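Okay, thanks everyone, I'll keep this brief. Let me put the sequence and the model up, and then we'll walk through it together.

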Amino acid sequence: AGGMVPVIVAQFDPARPRLTWEQPIAAWIAELEAGGYRVDDVVPLHDYWWAPARLIVARPATLARC
């Protein structure tokens with residue numbers, strides 16, 4: 001079950017724009033918070049062999065929690 005995510009897209013030619021970004025989930029959370037978002041949840045999606053996939057649920061920090 002599950003599919004393979006194309007993580008090598010455009011990685012062979014350094015002149016092409018990068019289409020994928022991999023970094024630890026803590027770094028994504030820090031970037032969202034620095035950009036004015038509040039992280040409400042991190043949901044596990046799938047444990048791939050190279051790294052677990054996670055969904056970050058966030059909203060602008062200025063919005064009240066619904």
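**A polar contact, and what's around it**

So, let's start with a side-chain pair: D47 and R54 are joined by a polar contact of 3.3 Å. And just so we're clear, this is a predicted model we're looking at.

Where does D47 sit? In strand β1, which runs over residues 37-47. Is D47 buried or exposed? D47 has a relative accessible area of 59%, and the cut-off for exposed is over 50%, so D47 counts as exposed. If you skip the neighbours within four places in sequence, the contacts of D47 are P52 and R54, and R54 is the partner in that 3.3 Å side-chain polar contact.

Okay, staying on strand β1, have a look at L45, which is in there too. L45 comes out at 53% relative accessibility, so that one is exposed as well. What does L45 form together with L55 and V57? A nonpolar patch on the surface, and the three together have about 250 Å² of accessible area.

Now let's zoom out to the chain. We've got one helix and two strands, and along the sequence the order goes α-β-β. How much of the chain is buried? Of its 66 residues, 8% count as buried. The accessible surface is about 5300 Å², with 63% of that belonging to carbon and sulfur atoms.

Terms used: Residues numbered from 1 in each chain as written. Predicted model: local features only at pLDDT ≥ 70, side-chain atom pairs only at ≥ 80, totals over all residues. Heavy atoms only, no water. Patch = residues over 30% accessible without salt bridge, like charges linked within 9 Å, V, L, I, M, F, W, Y side chains within 5 Å. Areas by Shrake-Rupley, 256 points an atom, 1.4 Å probe, with all protein chains shown as cover. Salt bridge = Lys/Arg side-chain N within 4 Å of Asp/Glu carboxyl O. Helix = DSSP H or I, 4+ residues; strand = E, 2+ residues; numbered from the N terminus. Buried < 20%, exposed > 50% of the residue type's maximum accessible area, 1.4 Å probe, protein only. Contact = heavy atoms within 4.5 Å. Polar contact = N/O pair within 3.5 Å; in protein donor to acceptor, adjacent residues only side chain to side chain.
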